[in-house]
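Please look over the sequence and the model first, then read the points below.

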Amino acid sequence: MAADDLVVAMTGASGAPYGVRLLEVILRAGRRVHLTISPAACEVFATEVGRTIELDPSRFDPHVLLGERATGVDLDRLSYHHFRDFRAGIASGSFLTAGMAVCPCSMGTVAAIAHGTSGNLIHRAADVHLKERRKLVLVPRETPLGLVQLRNLTAVAEAGAVVLPAMPAFYTRPRTLDDMVDFVVGRICDQLGVSHDLFRRWGAPESAE
Ligand SMILES: Cc1cc2nc3c(=O)[nH]c(=O)nc-3n(C[C@H](O)[C@H](O)[C@H](O)COP(=O)(O)O)c2cc1C
């Protein structure tokens, strides 16, 4: 445990590539990551990425999650925790971290965090980050948003979370899907204090291309 460790949770909203890229960028930045994944996230990952994540810690393989993005990444910096393991350090406020991102964040998980139900390790770790007044970044993906969802998003924002919807911008002139993923992941990293060079910032000089 170190005070600059980060927590990443993946839940069952569309957008598995955001979570995978976020993990890669944080690890390449030399930070330690505590990772937990919901069963619904596995389903979405299988649909969107085409690989099957084993959630059982004895069978969990970070290479399946990261795929070709694992190349050159120091996987010793990745600690995986089963979503039902309330004995994991990140379930307690006494375990120091620099922040947490739920990416992607389903509306179900937003609701659980908004209401403090702590039914799994993801909800509990998010609850801990709120109560300890640490950075909590939620990356929802849903459209259109219903009134219940908007109220839950308001509740988590009022409790201190940063609601950072998976909404790529076009002013960076993305050329590929990776560019669009990198814009969202870069904005998450900005919130978590992870240095990156994932997109050209507004106002920065254009490089010669
Ligand atoms: C392929 C697929 C895509 C989904 N996309 C979304 C989504 O974009 N946003 C969302 O809130 N839920 C989405 N869901 C539904 C959630 O996975 C579902 O509500 C689940 O209970 C969330 O559980 P979790 O929050 O524990 O991960 C999707 C489900 C599947 C199978």
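A residue is called buried when its relative accessible area is under 20%, exposed when it is over 50%, and partly exposed in between (1.4 Å probe, protein chains only). The model is predicted, so local features need pLDDT of at least 70 and side-chain atom pairs count only at pLDDT 80 or more, while totals for chains, interfaces and linings use all residues. Residues are numbered from 1 along each chain as its sequence is written, and side-chain values use heavy atoms, with hydrogens and water left out. Helices (H or I, at least four residues) and strands (E, at least two) are DSSP runs, numbered from the N terminus.

**Arg-31**

- Arg-31 sits in the loop between helix H1 (16–28) and strand S2.
- Its relative accessible area is 12%, so Arg-31 is buried.
- Contact here means heavy atoms within 4.5 Å. Not counting residues up to four places away in sequence, Arg-31 touches Asp-4, Leu-6, Ile-26, Arg-77, Ala-98, Leu-192, Gly-193 and Val-194.
- A polar contact is a pair of N or O atoms within 3.5 Å; within protein, one must be able to donate a hydrogen and the other to accept it, and residues adjacent in sequence count only if both atoms are side-chain atoms.
- A polar atom of the Arg-31 side chain lies 3.0 Å from the backbone oxygen of Asp-4, and the side chain of Arg-31 also reaches the backbone oxygen of Gly-193 at 3.2 Å.

**Helix H5**

- Helix H5 covers residues 121–131, and eight of its eleven residues are buried.
- Those buried residues are Leu-121, Ile-122, His-123, Ala-125, Ala-126, Val-128, His-129 and Leu-130.
- Their cover includes strands S1 (6–10), S2 (33–37), S4 (99–105) and S5 (136–140), together with helix H4 (107–114).
- Asn-120 caps the N-terminal end of H5, with a side-chain oxygen 2.9 Å from the backbone nitrogen of Ile-122.
- Phe-86, in the loop between strand S3 (78–80) and S4, is in contact with Asn-120, Leu-121 and Arg-124, among others.
- Phe-86 counts as partly exposed at 39% relative accessibility.
- The C-alpha atoms of Phe-86 and Gly-119 are 9.6 Å apart, although the two residues are 33 places apart in sequence.

**The ligand**

- A residue is near a molecule if one of its heavy atoms lies within 4 Å of it. By this test 13 residues surround the ligand, and the closest are Gly-12, Ser-38, Ser-106, Met-107 and Thr-109.
- Helix H2 (39–49) and H4 each supply at least two residues of this shell, and H2 gives the most, with three.
- A polar side-chain atom of Ser-106 lies 2.5 Å from an oxygen atom of the ligand.
- A polar backbone atom of Ser-14 is 3.0 Å from an oxygen atom of the ligand.
- A backbone N or O atom of Arg-141 lies 2.8 Å from a nitrogen atom of the ligand.
- Taken alone the ligand exposes 640 Å², and the protein buries 64% of that. Accessible areas come from the Shrake-Rupley method with a 1.4 Å probe; for residues, only the protein chains shown count as cover.

**Cysteines**

- A disulfide is a pair of cysteine sulfur atoms within 2.5 Å, and a search of the whole structure finds zero of them.
- Cys-105 is in no disulfide either, as the nearest cysteine sulfur, that of Cys-103, is 9.1 Å away.
- Both cysteines are buried: Cys-42 at 11% relative accessibility and Cys-105 at 0%.

**Backbone details**

- Most residues other than glycine have a negative phi, and most peptide bonds are trans.
- The peptide bond from Cys-103 to Pro-104 is cis, with omega near -5°, and Pro-104 is found in strand S4.
- A cis peptide bond also joins Thr-143 and Pro-144, with omega about -10°; Pro-144 is in the loop between S5 and helix H6 (147–158).
- Arg-133 is not a glycine, yet its phi is positive, about 60°.
- Arg-133 lies in the loop between H5 and S5 and is exposed, at 71% relative accessibility.
- Arg-173 also has a positive phi, of about 55°. Its place is the loop between strand S6 (162–163) and helix H7 (177–192), where Arg-173 is exposed with a relative accessible area of 70%.
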